[in-house]
Amino acid sequence: MELTRIQLMDGVYLTYLPARKFKTSLISAQFVTPLRTETASAYALLPAVLRRGTMTYPDTGALEARLDALYGARVDYTIRKKGENQCVGFVASCIDDSFVPGGERLLESVAALLGEMICDPVTERGRFVTSYFDTEKTNLIDAIRSILNDKRDYADSRLLREMCAGEAYGIPRLGDEAAAEKLQLRKLYAQYSDLIATSRLELIYCGSAGLERVKRALLAAFSTLPRETVRETAVVLPHMPRQEVLHITDRLDVTQGKLGMGCSCGSTDSAALLMGNTLFGGSSNSKLFMNVREKLSLCYYASSLYHRQKGLITVSSGIEFDKYQQTYDEILAQLAAVQRGELEDWELEGARSTLLNAYASMGDSQGKLENFYLGQAATGQSETPEELAEQVRNVTPERIFRAMETVQLDTVYFLQGKEEAAE
Amino acid sequence: MKQSFYERIGESVYRETLPNGLQVCIVPKSGFTKKYAFFATRYGGMDTRFQLDGKWLETPAGIAHYLEHKMFDTKEGNALQELAKNGAEPNAFTANSMTGYYFDSTDHFEENLKILLSFVSVPYFTEESVAKEQGIIAQEIRMIEDNPDWQIYMRMLQAMYSQSPARTSIAGTVESISHITAETLYDCHKAFYTPANMILAVVGDVDPYSVAELARRTLPRESGPVIPRDYGTEPECVVEKETKIAMEVSAPQFLVGFKCRSVQEGEDYLRMAVIGDLACDLLLGDSSPLYQRLYNQGLINTSFGGAYEMMPGVAYLYAGGDSRDAKTVAAEIVKEADRLVREGIDEDFYQRVRKAAFGANLRGLDSFENVAVSLTEGHFHGYDPFRFPEVFESVTREDIETFLRENVREDRMVLSEIVPKEA
């Protein structure tokens with residue numbers, strides 16, 4: 001895939017990914033700003049309010065009717081964390097022109113709508129519409145609270161918050177409930193004006209249209225975007241490892257316990273850590289899967305995740321409450337096994353080909369491409385999936401062991417049932 | 001091998017029924033790196049009562065899913081590892097009326113396909129290996145029992161159906177799976193994993209002829225009979241109107257379900273699926289007047305959505321999300337259906353929703369998994385899913401109005417609710 005990255009306007013960049021094989025075209029527009037407690041909820045609220053209406057299509061009824069008429073075009077608002085940046089904006093998509101009966105061209109119309117949502121939202125007396133603000137604020141608070149509903153996500157997020165308390169990486173992508181409660185209609189408009197004028201805008205296109213046509217459509221769509229001095233995005237600060245392991249326990253009325261373990265990585269050899277994590281708990285071939293699940297039948301899931309930007313590895317598992325110690329010991333034993341280099345050749349090559357397969361097939365999904373290139377742009381990196389694959393291909397077992405030796409347990413999180421706690 | 005070209009959606013399908021009865025479907029996708037294989041049997045959570053060798057068998061709830069877990073065991077070890085060594089990502093799922101095994105890979109496709117076909121067609125269990133799985137699946141069951149989405153959905157089905165096995169959980173219960181033995185698993189494999197009851201669907205840049213040839217060489221030459229199953233006789237009326245429980249959730253949630261007339265298999269099945277989906281969009285989709293009104297009143301939020309589902313002997317339309325007042329939302333849905341039937345559906349609205357639904361169906365063709373699963377469902381239920389553009393054209397407003405009049409009625413409705421636990 002011939003990737004092109006160009007600057008369209010001051011602080012506005014376009015990542016152009018040409019592809020003819022998809023039924024749809026995708027356009028993403030994302031503002032990238034440093035993740036901060038003070039602004040996280042306000043910025044999380046913005047795309048939801050903007051999604052309610054533009055000057056031309058002032059309510060959701062009119063807006064949805066327009067999207068239907070564009071053959072079910074979609075504009076979804078997104079709020080993501082990339083490194084220690086918060087990315088807020090919209091991902092739009094429409095069916096490729098070649099499938100539109102009558103030869104109508106959709107790209108220009110969808111880009112225009114996207115530009116309008118960002119630059120020309122419906123307002124009353126210089127503020128957002130009161131009822132839109134009120135409803136979306138309630139929805140945001142509900143969304144922040146709803147993390148409780150999926151206990152796995154809840155446990156994963158609790159672990160990260162405790163482990164990275166005081167670091168930007170520990171701030172949830174939607175901000176916290178207390179900050180969301182305090183959001184005000186009048187202030188939000190000022191925050192909006194500031195965001196669109198001073199933060200970097202990343203545009204990503206993936207589809208069959210030529211570069212010139214895409215540039216023209218986007219320049220027209222964003223011609224009224226205000227541009228002042230554009231702020232820098234955040235560079236991730238490394239996690240401060242703890243001297244003593246932090247243990248956190250929560251209690252809820254649940255039938256399954258969740259054990260989470262967070263580790264810091266001293267090494268910066270990220271290709272080696274990525275391989276090491278895949279061997280440890282990153283695939284259905286990993287030490288955790290084969291031992292904690294398959295051999296000891298302790299759980300249905302036990303897996304680990306390498307946080308490349310921050311240099312962390314976190315483990316997530318769901319277990320019987322009384323299997324806490326056994327699972328804890330086994331997870332650490334498997335980490336130690338990877339650190340000591342107790343690996344068979346097939347494990348190593350299996351992990352390598354799992355990662356290579358993932359990189360190679362990334363180009364088959366517009367959604368994955370968008371998410372990947374946004375992450376790269378937001379964190380100031382420029383490797384393509386092919387280049388990352390090359391790094392993985394070149395990692396030696398010695399580099400893996402050396403990198404994994406720097407992995408240290410930092411924080412342990414346990415979600416326990418209420419009855420057990422009473423015993 | 002028969003090739004069909006579908007001009008309106010730009011896809012081709014190669015189909016062949018092998019001498020042993022296996023259906024093979026290949027969708028060549030040029031330009032994509034990934035190749036996807038899906039091998040499925042028409043056997044799922046609903047199929048607990050069936051006739052084998054002239055005798056009716058009652059098997060424990062959850063057995064199809066248990067069998068799915070155990071199929072990965074081979075005499076030599078485990079197929080997961082065999083596939084993962086080649087960088088393939090294998091997995092499987094059990095639905096109400098099918099079990100599917102699949103992988104995607106960028107390299108060694110034919111080698112991987114051979115492994116897939118072999119491990120699914122050759123069972124290998126011991127009493128010990130079957131017993132060992134109890135712990136893993138018990139934790140999977142515990143995990144879903146803590147999941148409010150699953151609870152509210154199962155409880156809705158149980159309120160609707162008294163006889164149909166749609167009311168039993170696909171994974172069964174910790175108690176029901178304790179009765180599963182190696183012998184019952186062998187019986188179920190013999191009954192359902194026979195070529196004439198199965199399909200192989202492959203999507204990607206492959207040579208259709210060599211895929212079919214490989215299946216011919218690898219699989220058994222002859223098929224067992226396709227055996228009778230018993231789904232009970234389901235009355236038209238619902239079991240109970242309302243069901244409610246308290247769980248650890250952040251906000252009250254609900255699902256309202258309408259027990260619809262079940263549908264005969266064949267071309268009508270696809271037509272009914274299209275009618276049901278359109279009815280759902282027109283009644284309560286994002287761009288419907290009802291959605292706009294309820295959203296503006298704060299009675300629903302973006303979590304609200306609905307769908308129309310069909311399985312053997314069963315069909316229902318359902319909708320739900322978070323709401324502080326589920327009863328009012330349910331009543332409003334019935335009232336809106338009444339209004340649409342009484343006043344007739346607005347022609348412009350109908351045309352625009354149909355356009356959007358066409359776009360959504362086309363969009364689905366970029367997902368290999370979705371393509372393979374659609375072809376499988378089409379094969380099992382006797383229709384061609386790629387004919388959706390023609391079906392969309394044949395459906396009229398009157399069809400939708402008839403559907404709403406017959407199905408979306410107070411006497412066919414059930415309401416399933418979850419409320420937060422008192423602290």
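## Where the domains of chain A meet

In chain A, 27 residues of domain 1 are in contact with 25 residues of domain 2. The model is a predicted one. The side of domain 1 of chain A that touches domain 2 of chain A draws at least two residues from each of β2, β3, β5, α5 (151-163) and β8 of chain A. Among these, α5(A) gives the most, with nine residues. Sorted by class, this side of domain 1 of chain A has 14 nonpolar, six polar and seven charged residues.

The domain assignment of chain A places domain 1 at 4-221 and domain 2 at 246-422. Taken over C-alpha atoms, the centres of domain 1 of chain A and domain 2 of chain A are separated by 30 Å.

## Chain A as a whole

Chain A contains 16 helices and 13 strands. Its C-alpha trace spans about 60 × 50 × 40 Å along the principal axes. A compact globule of 423 residues would have a radius of gyration near 22 Å, and the 23 Å of chain A agrees with this.

Of the 423 residues in chain A, 48% are buried.

## A sheet in chain A

Chain A has an open sheet of six strands in the order β1-β2-β8-β3-β5-β4, with mixed pairing. The edge strands are β1 (4-9) and β4 (74-82) of chain A, each of which pairs on one side only. On average, neighbouring strands of this sheet are turned by 20° against each other, direction ignored. Strands of a sheet pair through backbone hydrogen bonds, and the pairing is either parallel or antiparallel.

One pair in this sheet can be followed in detail. β4(A) and strand β5 (residues 85-95) of chain A run antiparallel and are joined by nine bridges. A:Lys82 has A:Asn85 in β5(A) as its bridge partner.

A helix lies against these strands. Helix α13 (residues 366-378) of chain A lies across β2 (12-18), β3 (24-34), β4, β5 and β8 (200-207) of chain A. The helix runs at about 150° to β8(A).

## One residue: A:Tyr169

A:Tyr169 is found in the loop between α5 and α6 (177-181) of chain A. Is A:Tyr169 buried or exposed? A:Tyr169 counts as buried because it has 23 C-beta neighbours inside 10 Å, and the cut-off for a buried residue is 20 or more.

Leaving out residues up to four places away in sequence, A:Tyr169 touches A:Glu84, A:Cys164 and A:Lys310. The C-alpha atoms of A:Tyr169 and A:Gln309 are separated by 9.6 Å, although these residues are 140 residues apart along the chain.

## Domains and a hairpin in chain B

The domain assignment of chain B gives domain 1 at 2-218 and domain 2 at 242-420. Their centres, taken over C-alpha atoms, are separated by 27 Å. Here 34 residues of domain 1 of chain B are in contact with 30 residues of domain 2 of chain B. The elements that give two or more residues to this side of domain 1 are β2 (11-17), β3 (23-28), β4 (35-41), β10 (99-105), α5 (148-160) and β11 (198-204) of chain B. The largest share, eight residues, comes from α5(B). This side of domain 1 of chain B divides into 21 nonpolar, seven polar and six charged residues.

Chain B also has a hairpin, formed by β5(B) and β6(B) with two residues between them. Strand β5 (residues 49-52) and strand β6 (residues 55-58) of chain B pair in the antiparallel sense over four bridges. Within this pairing, B:Gln51 has B:Trp56 in β6(B) as its bridge partner. In the turn, B:Asp53 has a positive phi of about 50°.

## Where chain B meets chain A

How many residues of chain B are in contact with chain A? There are 51, and they are in contact with 51 residues of chain A. The elements that give two or more residues to the side of chain B that touches chain A are α2 (79-85), β10, α4 (127-145), α10 (289-296) and α12 (347-363) of chain B. α12(B) gives the most to this side, with ten residues. By class, the side of chain B that touches chain A has 16 nonpolar, 18 polar and 17 charged residues.

Notes:
Residues are numbered from 1 along each chain as its sequence is written. Chains are lettered from A and ligands numbered from 1 in the order in which they are written. This is a predicted model: local features need pLDDT of at least 70, side-chain atom pairs count only at pLDDT 80 or more; totals for chains, interfaces and linings use all residues. Domain bounds come from an automatic or database domain assignment. Two residues are in contact if their C-beta atoms, placed from the backbone, lie within 7 Å. Ala, Val, Leu, Ile, Met, Phe, Trp, Tyr, Cys and Pro count as nonpolar, Asp, Glu, Lys and Arg as charged, and the others, Gly among them, as polar. Two strands pair if DSSP finds at least two bridges between them. Axes are lines fitted to C-alpha atoms, for helices over the stretch in contact, and angles run from 0 to 180 degrees between N-to-C directions. The radius of gyration is taken over C-alpha atoms; the globule rule is 2.2 Å times the number of residues to the power 0.38. A residue is buried if 20 or more other C-beta atoms lie within 10 Å of its own, exposed if 12 or fewer, and partly exposed in between; C-beta atoms are placed from the backbone.
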